[in-house]
Amino acid sequence: MQFNRKIKLNSDIPTASMPDIIFMLLIFFMVTTVLREYSGLPINLPKAKRIEKLKSKRHTTHIWISKEGLISIEDKLYSVKDVRHVMYDKRSANPQLVVSLKSDEEARMALVSGIHNELRKADALKLNYSTKTAIN
Amino acid sequence: MSQKKRRFKGGEIPTSSMADIAFLLLIFFLVTTTIDMDKGLGIVLPPEGDTIEIRKKNILNCLINSQGKVLLGGDPVETKNINRLVKQKIQENENLIISVKSHEKTRYKDYVAVIDQLKRANAKRISIAETGD
């Protein structure tokens with residue numbers, strides 16, 4: 001019995017579909033990238049253990065509170081009573097809004113409590129105290 | 001003067017460099033994408049003007065003073081013990097609501113530490129009272 005020997009062995013990786021794959025990856029990263037980011041205020045976040053991840057950056061608005069008591073939303077400084085109007089507009093534009101409170105660990109509770117009240121008045125009720133992960 | 005007639009050879013866009021261009025864009029977006037998500041302690045605030053009367057036995061007051069010392073149900077406790085104590089009390093009474101009240105000058109750090117402890121005790125009903133003197 002004779003075997004037919006294959007002489008030609010095609011060992012090339014097909015590159016014809018490579019651009020398509022690259023484009024697909026490209027589109028994925030384009031969609032997931034949020035370009036507009038704010039630098040906020042210089043703060044030291046407190047540490048906590050039982051933390052949750054925020055689901056989406058698109059639905060998150062950050063409020064920075066510095067040690068000195070400054071309040072910053074999207075790189076603009078506001079006083080406590082202005083927070084209501086700013087957050088109300090955001091909340092009406094996006095009902096899924098989650099507010100991430102990035103407050104310095106030395107900030108005083110009087111200010112944080114004031115922000116709580118303003119957020120309640122603006123009906124932005126989902127709040128997240130931004131923290132670092134505590135080790136042990 | 002004679003003019004040479006050029007023969008039209010069919011216009012084609014060179015596609016050999018397309019992959020390179022796509023790669024370049026891909027790398028740009030790879031670099032600018034931040035995968036790490038924000039993390040923190042989630043809490044839902046009560047709606048405005050929403051006051052419910054609660055029976056006294058279902059409330060556990062948790063007071064934080066300006067030095068970060070905690071008074072849990074009238075007894076002074078260490079922050080790191082809140083987790084254990086609250087767990088016990090929730091087991092005794094499922095409907096327990098923990099009301100956290102802090103002094104105006106309490107540091108945010110101490111407040112977050114208390115909320116973290118309550119979260120670790122699986123306390124679902126946390127109420128945040130306004131600050132007082």
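The sections below describe a sheet, an interface and selected residues.

## Basis of the report

The model is a predicted one. Local features are described where pLDDT is at least 70, and side-chain atom pairs count only at pLDDT 80 or more.

## The sheet of chain B

Chain B contains an open sheet of 5 strands, arranged in the order 4-3-2-5-6 with mixed pairing. The edge positions are held by strand 4 (75-77) and strand 6 (126-128) of chain B; each has a single partner strand, so one side of each is left without a neighbour in the sheet. From one strand to the next, the twist averages 30°.

Strand 2 (residues 59-64) and strand 5 (residues 97-102) of chain B run parallel and are joined by 6 bridges. Within this pairing, B:Ile64 has B:Ser102 of strand 5 as its bridge partner. Helix 3 (residues 108-120) of chain B packs on the sheet, where it touches strand 2, strand 3 (70-72), strand 5 and strand 6 of chain B. The direction of this helix makes about 170° with that of strand 5 of chain B.

## B:Val100 within the sheet

B:Val100 is located in strand 5 of chain B. Its relative accessibility is 1%, and because buried means under 20%, the residue counts as buried. The C-alpha atom of B:Val100 is separated by 6.3 Å from that of B:Asn61, although the two residues are 39 residues apart along the chain.

## The interface of chain A and chain B

Between them, chain A and chain B bury about 4500 Å², with 63% of this area on carbon and sulfur atoms. In chain A, the residues that lose the most area to chain B are A:Arg50, A:Met109 and A:Tyr129, which together account for 17% of what that side buries. The contact takes 50 residues from chain A and 43 residues from chain B.

Polar contacts between chain A and chain B number 20 residue pairs, both residues being at pLDDT 80 or more. The interface also holds 3 salt bridges. A salt bridge joins the side chains of A:Glu106 and B:Lys109, at 3.6 Å from N to O. On the side of chain A that touches chain B, two or more residues each come from helix 1 (18-32), strand 1 (47-48), strand 2 (52-53), strand 6 (98-103), helix 3 (109-121) and strand 7 of chain A.

## Two buried residues of chain A

A:Arg120 belongs to helix 3 of chain A. With a relative accessible area of 17%, A:Arg120 falls under the 20% limit and is therefore buried. A polar atom of its side chain lies 3.1 Å from the backbone oxygen of B:Pro47. A:Arg120 and A:Met87 are 33 residues apart in sequence, and their C-alpha atoms are 9.9 Å apart in space.

A:Thr131 lies in the loop between strand 7 (126-130) and strand 8 (132-133) of chain A. A:Thr131 is buried, its relative accessible area being 2%. Leaving aside neighbours within four places in sequence, A:Thr131 is in contact with A:Leu45, A:Pro46, A:Lys47, A:Ala48 and A:Ile51 of chain A, and with B:Lys39, B:Gly40, B:Leu41 and B:Val112 of chain B.

Methods: Residues numbered from 1 in each chain as written. Chains lettered and ligands numbered in written order. Heavy atoms only, no water. Pairing = 2+ DSSP bridges. Helix = DSSP H or I, 4+ residues; strand = E, 2+ residues; numbered from the N terminus. Axes fitted to C-alpha atoms, helices over the stretch in contact; angles between N-to-C directions. Contact = heavy atoms within 4.5 Å. Buried < 20%, exposed > 50% of the residue type's maximum accessible area, 1.4 Å probe, protein only. Buried area = accessible area lost by both parts, 1.4 Å probe. Salt bridge = Lys/Arg side-chain N within 4 Å of Asp/Glu carboxyl O. Polar contact = N/O pair within 3.5 Å; in protein donor to acceptor, adjacent residues only side chain to side chain.
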